[in-house]
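Trainee: I need a quick tour of this model. Start with the ground rules, please.

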Amino acid sequence: MLLSVTCSTSTNLANSAAVMEQLSTHDIRRMLGFLQALYVLRPQQEFSGYLVAAIPTIISTDASSYNEINSRMGTASYQGWPPDHPDIPDSREILGRYAHQSPLIIHAERSPSATAAKMSDFVSHRTFKTSTLFNEFYRPLRLHFNMGARLTHEPGPLVAVGLLRARRDFTSHDVMLLNVMSPHLIQAYHNAAAITRMQEQVTASSETLEERHQGLISVTEDGSIRFSTPLADQLMLRYDRTAKRNPGCLPP
């Protein structure tokens with residue numbers, strides 16, 4: 001089983017060099033620290049939790065979210081930050097039901113690019129305030145302005161990160177910052193998806209082996225154990241009691 005995970009910080013930074021020149025030294029320092037932590041390998045659930053908490057350290061926002069939305073099917077789910085931000089009953093159902101009223105969501109679903117955008121790029125705030133989506137979802141949450149970017153290029157349900165504010169709209173500088181982050185967010189998302197698939201495959205393989213009363217151990221050339229199934233651990237311990245004291249290595 002091969003796992004392809006890419007840490008393309010240098011490549012993407014080179015591609016973003018022209019934009020980075022427009023950022024302040026303070027912006028660049030914060031961005032580099034963010035990117036270094038972003039490329040730590042995490043499964044998807046952990047990645048999405050990290051992402052919604054980390055992006056506000058770069059772009060000031062009252063709330064952020066990791067979203068999976070399908071406006072055609074009328075479905076939506078999201079993981080939000082901060083965790084103590086007041087929610088509303090049936091918020092995900094409401095977002096899914098009226099997602100088609102969001103020009104930002106429709107643009108993100110249809111556009112082949114992952115360029116960041118804000119709601120006011122497509123509709124005035126006064127006009128958007130008349131929509132059911134605004135009055136049933138954004139108004140009760142007290143989050144009137146939002147901005148976002150896709151995390152995938154693939155067709156299908158929208159996977160995106162969203163930033164929300166209560167009292168003021170996002171600026172062109174905020175959009176530029178999110179655009180600098182965007183290719184890195186996409187790569188980190190794919191890395192997390194690959195890690196998750198690998199974990200699921202290992203779990204499924206381990207369960208199959210256990211059902212057949214077989215153990216599996218993956219080792220390095222020097223005999224260090226990468227991972228082992230519970231049955232393999234039991235057999236090693238039965239073979240050599242010192243395995244209990246050296247869980248990271250094969251018995252002699």
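Mentor: Contact here means heavy atoms within 4.5 Å. The model is predicted, and local features need pLDDT of at least 70, side-chain atom pairs count only at pLDDT 80 or more, and totals for chains, interfaces and linings use all residues. Residues are numbered from 1 along each chain as its sequence is written, and side-chain values use heavy atoms, with hydrogens and water left out.

Trainee: Fine. What does Lys 118 touch, leaving aside its neighbours within four places in sequence?

Mentor: Lys 118 is in contact with Leu 104, Asn 146, Met 147, Asp 169, Phe 170, Thr 171 and Val 175, with neighbours within four places left aside. Lys 118 lies in strand 3. Helices (H or I, at least four residues) and strands (E, at least two) are DSSP runs, numbered from the N terminus.

Trainee: Is Lys 118 buried or exposed?

Mentor: Buried, with a relative accessible area of 13%. The cut-offs are under 20% for buried, over 50% for exposed and partly exposed in between, with a 1.4 Å probe and protein chains only.

Trainee: Leu 104 was on that list. Which residues of helix 6 are buried?

Mentor: In helix 6 (residues 103-110), they are Leu 104, Ile 105, Ile 106 and Ala 108. Their cover includes strand 1 (63-70), helix 5, strand 3 (117-118), strand 4 (145-150) and strand 5 (158-165).

Trainee: On to helix packing. At what angle do helix 5 and helix 8 pack?

Mentor: Helix 5 (residues 91-98) and helix 8 (residues 132-141) pack at about 160 degrees, with axes 10 Å apart. That makes helix 5 roughly antiparallel to helix 8. Axes are lines fitted to C-alpha atoms, for helices over the stretch in contact, and angles run from 0 to 180 degrees between N-to-C directions. Under 35 degrees counts as roughly parallel, over 145 as roughly antiparallel, 65 to 115 as roughly perpendicular, and the rest as oblique.

Trainee: Which residues of helix 5 and helix 8 meet?

Mentor: Ser 91, Ile 94, Leu 95 and Tyr 98 from helix 5 meet Thr 132, Leu 133, Glu 136, Phe 137 and Tyr 138 from helix 8. By class, that contact has six nonpolar, two polar and one charged residues. Ala, Val, Leu, Ile, Met, Phe, Trp, Tyr, Cys and Pro count as nonpolar, Asp, Glu, Lys and Arg as charged, and the others, Gly among them, as polar.

Trainee: Ser 91 is in that set. Buried or exposed?

Mentor: Ser 91 counts as buried, at 3% relative accessibility. Its side chain makes a polar contact of 3.3 Å with that of Arg 92. A polar contact is a pair of N or O atoms within 3.5 Å; within protein, one must be able to donate a hydrogen and the other to accept it, and residues adjacent in sequence count only if both atoms are side-chain atoms. Neighbours within four places aside, Ser 91 also contacts Tyr 78 and Phe 137.

Trainee: What about helix 3 and helix 4?

Mentor: The axes of helix 3 (residues 25-38) and helix 4 (residues 44-54) come within 11 Å and cross at roughly 170 degrees. Helix 3 and helix 4 are therefore roughly antiparallel. Phe 34, Ala 37 and Leu 38 of helix 3 make the contact with Phe 47, Tyr 50, Leu 51 and Ala 54 of helix 4. Its residues divide into seven nonpolar, no polar and no charged.

Trainee: And helix 4 with helix 9?

Mentor: Helix 4 and helix 9 (residues 172-211) have axes that come within 8 Å and cross at roughly 150 degrees. That makes helix 4 roughly antiparallel to helix 9. Gln 44, Phe 47 and Leu 51 in helix 4 meet Leu 185, Ala 188, Tyr 189, Ala 192, Ala 193 and Thr 196 in helix 9.

Trainee: New topic, backbone. Which peptide bond is cis?

Mentor: The one from Trp 81 to Pro 82, with omega near 0 degrees. Pro 82 sits in the loop between strand 2 (75-81) and helix 5. Asp 90 is found in the loop between strand 2 and helix 5 too, and has a positive phi of about 60 degrees although it is not a glycine.

Trainee: Why flag those?

Mentor: Because most residues other than glycine have a negative phi, and most peptide bonds are trans.

Trainee: Last one. Which side chain makes a polar contact of 2.6 Å with Gln 79?

Mentor: That of Ser 48. Gln 79 is found in strand 2 and is partly exposed, with a relative accessible area of 23%.
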